[in-house]
Amino acid sequence: MESARKLFDSMPDKDVICWNVMIDGYVQFGSPNEGLSLFKQMLRAKVKPNEATMVAVLSACAQIGALESGRWLHWYAENHGIDINVRVATSFIDMYCKCGSLEEARLVFERITHKDVVAWNSMIVGYAMHGLSDVALQLFDEMCRLGYKPTDITLIGVLNACGHSGLVREGREIFSSMARTYGIEPKVEHYGCMVNLLGRAGYLEEAYDLVKNMEVEQDAVLWGALLGACKIHGNVALGEEIAGLMMRQNLENSGTYVLLSNLYAKANNWEGVAKVRTMMRDGGVEKEHGCSSIEVNNRVHEFVAGDSWHPRSKDIHMMLEEMNAWVKAQGYTPRTDTVLHDLGEEEKEKSLGVHSEKLAMAFGLISTEPGATIRIVKNLRVCSDCHDVMKLVSKITRRTIVMRDRNRFHHFENGSCSCGDYW
């Protein structure tokens, strides 16, 4: 990317294709903010975007949850003669879904006169990631009735929908009928969906047997899903067996060590935790740090745990103290058992209080109008303590809080969450 940018900057006359390639490069290689920044430069340079530009920039908005920027792009496309064909419309659906606005995604979907299977897939996957599994399955049935042939992506979306709501019977039926009904042989991604579905629902042995007997090659994601289920249900013996298998087959990554460490910590096996951390240190394995972001006035603000660098850090921490007083008055007790370090209760409580998603929420409360929806994106799974706090804050402030974590969306309203505490 660095070499590409140097060459790009040296070009005296850049047409729309040059801009598109550079923007899309940033987006595809995990630098969506740089892609958005370059798009703004493109507009200042008086170069008119086209369909390919919109697809790339909408993908950037989707990655970072920049709903305001995505809405502005929608306005721009409609008012500057950009053809919102099925490809562009599908990109808008994907953006709105990943930015937490299913209503706007569905409006775009309904306006497409000649839908293709990709558009249907995007809407089904969108409902699945928001935990609206019944709606996703209804849309899938409608799609099939209208004569659209499902693809492997369709079935990944449907199986994920089952997984997010614990619909084990429905998931088993769909998975077992894939080849017979839809002519699609299960791939490793479909097996991964089933392992996640069965594992989260507590059917660990069935999930383990499915992986051992599958006909396609196993991968780290598959075993990681099963290891994660062991952590949820506290099955240390099976978790150790799976982690050992992954290490012997060189399938382990940083997440493998973190999940095993968390499994030991949940069981108060601090000797096991120390052993795993020694292995990580000796192997040069670094844990992925949690990061949360929130978009305010078309600018994305990012936070990591304990952050104090933000210009409004003092106000943010004052709001954190105020939030803490609110929720404790409602009977909240910090879930110190989720702190995966051998610390005292007071230190654990302090650690929980400055999680990145809480910092983002505090910033949202002081930076937006009363009653406005707060939208947060986190790169990891939200912890149960932050989940509890967000439910209470949504009730106390009468605000909707929409959070996208690594696995799914959570919509907090009036003290409850759309996930039904199943995530």
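Colleague: Which residues does UniProt list for "repeat: PPR"?
Modeller: The unreviewed UniProt entry lists residues 15–49 and 116–150. UniProt positions are given in the numbering used here, feature names are shortened, and annotations may be inferred rather than shown by experiment. A word on the source: this is a predicted model, where local features need pLDDT of at least 70, side-chain atom pairs count only at pLDDT 80 or more, and totals for chains, interfaces and linings use all residues. Residues are numbered from 1 along each chain as its sequence is written, and side-chain values use heavy atoms, with hydrogens and water left out.

Colleague: How much helix and strand is there over residues 15–49?
Modeller: That stretch is 74% helix and 0% strand, with its end C-alpha atoms 10 Å apart. Helices here are DSSP runs of H or I with at least four residues, strands are runs of E with at least two, and both are numbered from the N terminus.

Colleague: And over residues 116–150?
Modeller: Residues 116–150 are 74% helix and 0% strand too, and the end C-alpha atoms there are 11 Å apart.

Colleague: Let's pick a helix. What span should α2 have?
Modeller: Helix α2 covers residues 16–28, and at 1.5 Å a residue its 13 residues should span 18 Å, which agrees with end C-alpha atoms 18 Å apart. The expected span is 1.5 Å times one less than the number of residues.

Colleague: Which residues of α2 are buried?
Modeller: They are Trp 19, Asn 20, Met 22, Ile 23, Gly 25, Tyr 26 and Val 27. Buried means under 20% relative accessible area, exposed means over 50%, and partly exposed is in between, using a 1.4 Å probe and protein chains only.

Colleague: What covers them?
Modeller: The cover includes α1 (2–10), α3 and α4. After α2 comes Gly 30, with a positive phi near 80°.

Colleague: What about the loop between α3 and α4, is Lys 46 buried or exposed there?
Modeller: Lys 46 sits in that loop, and its 76% relative accessibility makes it exposed. Lys 46 also has a positive phi of about 65° although it is not a glycine. Ala 45 lies in the loop between α3 and α4 as well, and it counts as partly exposed at 41% relative accessibility.

Colleague: Where is Asn 298, and what is its phi?
Modeller: Asn 298 is in the loop between β1 and β2 (299–304). Its phi is positive, near 65°, and it is a residue other than glycine. At 41% relative accessibility, Asn 298 counts as partly exposed.

Colleague: On to α5. Which of its residues are buried?
Modeller: Helix α5 runs over residues 67–79, and its buried residues are Leu 67, Ser 69, Gly 70, Leu 73, His 74, Tyr 76 and Ala 77. What covers them includes α3 (32–44), α4 (51–64), α6 (86–98), α7 (102–111), β1 (291–296) and β3 (374–378).

Colleague: What does Ser 101 touch?
Modeller: Leaving out residues up to four places away in sequence, Ser 101 touches Leu 67, Arg 71, Tyr 96 and Arg 375. Touching, or contact, means heavy atoms within 4.5 Å. Ser 101 lies in the loop between α6 and α7 and is buried, at 3% relative accessibility.

Colleague: And Ser 91, where does that one lie?
Modeller: Ser 91 is in helix α6 and is buried, with a relative accessible area of 13%. Beyond residues up to four places away in sequence, Ser 91 touches Val 55 and Leu 58.

Colleague: Last topic, helix packing. At what angle do α16 and α17 pack?
Modeller: Helix α16 (residues 236–248) and helix α17 (residues 254–266) pack at about 160°, with axes 10 Å apart. That makes α16 roughly antiparallel to α17. Among the residues making the contact are Gly 239 and Ala 243 of α16 and Leu 260 and Leu 263 of α17.

Colleague: How are those angles defined?
Modeller: Axes are lines fitted to C-alpha atoms, for helices over the stretch in contact, and angles run from 0 to 180 degrees between N-to-C directions. Under 35 degrees counts as roughly parallel, over 145 as roughly antiparallel, 65 to 115 as roughly perpendicular and the rest as oblique.
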